[in-house]
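Me: Got a model here that I want to go through with you. Can we start with the sheet and then move to the helices?
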Amino acid sequence: MRKTNLIMGICFGFFLFSALSLGNRMYLLIATLIMLAWAFAYASVRMAEKTVKVETELSGNKVNRGEVVSMEIGVSHKSLLPIAPVALHMRATSNTPAGTIHLTQLGKRRQRVTHKFAADHVGAMFPGVENYTVADVFGFFKRKHVPKADGHELLVLPVPFDVEPLTFAGGDMGAETMKRAMEDPFSPSDFRNYQPGDPLKRIHWKMSARKREIIVRKFEEPALPDALVMLDTSPTHLSQGYGDEHRPFLQDAMLETAASVVACQIRQDNPVRLPLVGDRPMEYTGTMGLPTLLEELARCTFNETERFERVLMMQMKHLRKTGAVVIITTRLTAVVTDLIIRIKRLGPNVRLYYVTYKTDNPDRALLAMQLQQAGVEVNYVTPQGGEEA
């Protein structure tokens with residue numbers, strides 16, 4: 001733009017100087033046309049930039065990872081003078097790279113364009129127009145502006161996959177404990193009057209005959225062994241040879257592994273809890289439902305400054321001897337290995353999901369062998385996408 005104005009300024013000065021020096025009206029006409037074009041260009045940009053309105057609308061505010069999202073972008077202005085097509089500069093996110101969309105219809109006051117992109121990574125983001133450029137038809141002036149609205153939030157949810165059901169300490173599958181306790185006729189905690197719907201096998205016939213009313217046994221419901229899922233929300237660890245562009249794939253694998261384990265527990269009607277730390281600290285329980293879990297995992301930022309080793313030590317104080325513990329992490333160090341073995345020695349069954357690109361690292365293989373010898377179930381999770389640099 002500056003180069004164009006400089007050239008036109010030189011031309012204007014040359015023709016004006018020639019007209020005044022030689023008295024040639026043609027040169028004066030050319031200089032006048034250049035000045036009028038400048039004035040027209042400046043006025044058109046100033047009139048349009050005050051009235052330009054950019055609106056965006058997503059096809060949905062929640063999508064599963066891998067789905068295609070459509071964004072309708074509407075641009076309008078009320079300028080009486082024509083302008084060049086508005087250039088839209090898109091906001092860069094983990095799913096949408098920065099780019100520019102040029103509207104093609106010259107001078108049209110209302111235009112709409114459809115922008116499609118694939119939701120390749122889990123997360124919460126605000127895709128849309130970062131800024132837009134208004135220019136005149138001659139290319140003399142350009143003004144960049146930021147839309148007043150930030151756009152709509154898009155949640156890209158993790159997609160659970162099938163995992164093996166957890167086994168609890170002592171081989172108990174959780175729901176079986178409740179069933180056995182409720183069916184044991186020799187260990188009632190109390191008695192009460194019969195209510196419609198009570199099974200006949202709970203009726204205490206001798207007491208009913210003595211009191212001349214139907215009495216049923218009342219059982220105290222035992223506390224089921226629960227599953228504790230610990231997700232490492234500190235910055236993900238990249239193996240040697242992999243750059244930051246591979247980090248989103250690691251995070252996707254961790255989030256979807258956590259969602260898969262919890263979903264499996266919910267299907268088995270077993271208690272499960274997942275403490276989340278970071279920008280939105282909370283403790284998820286299975287009673288909250290799977291949709292709530294997927295939304296909370298999508299908002300996970302992996303910027304927690306608390307070391308995962310400290311998180312493991314804090315959770316050890318609240319572990320029960322029965323139940324199961326699932327650990328999902330991208331770092332397998334000697335300290336983490338020692339803490340996992342200590343958790344196993346407290347009683348619960350322990351399963352580790354080690355998320356990494358390199359499954360043949362000899363140092364990590366040695367640590368995994370130590371965990372397996374201690375009775376820990378070790379699983380490798382390889383992220384989908386990304387090639388070695």
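Me: Which residue does A124 stand opposite in strand 10?
Reply: A124 stands opposite L155 there. The model is predicted, with local features needing pLDDT of at least 70, side-chain atom pairs pLDDT 80 or more, and totals for chains, interfaces and linings using all residues. Residues are numbered from 1 along each chain as its sequence is written, and side-chain values use heavy atoms, leaving out hydrogens and water.

Me: In what sense do strand 7 and strand 10 pair?
Reply: Antiparallel, over 3 bridges, with strand 10 at residues 154-157. Strands pair if DSSP finds at least two bridges between them; strands are DSSP runs of E, at least two residues, and helices runs of H or I, at least four, numbered from the N terminus.

Me: What is the strand order of the open sheet?
Reply: The order is 2-10-7, 3 strands with mixed pairing. Strand 2 (62-64) and strand 7 (123-125) each have a single partner strand, so one side of each has no neighbour in the sheet.

Me: Switching to helices: at what angle do helix 8 and helix 9 pack?
Reply: About 10 degrees, with the axes 10 Å apart. Axes are lines fitted to C-alpha atoms, for helices over the stretch in contact (heavy atoms within 4.5 Å), and angles run from 0 to 180 degrees between N-to-C directions.

Me: And Q265, buried or exposed?
Reply: Buried, at a relative accessible area of 0%; buried means under 20%, exposed over 50%, partly exposed in between, with a 1.4 Å probe and protein chains only. Q265 lies in helix 5 (residues 247-267).
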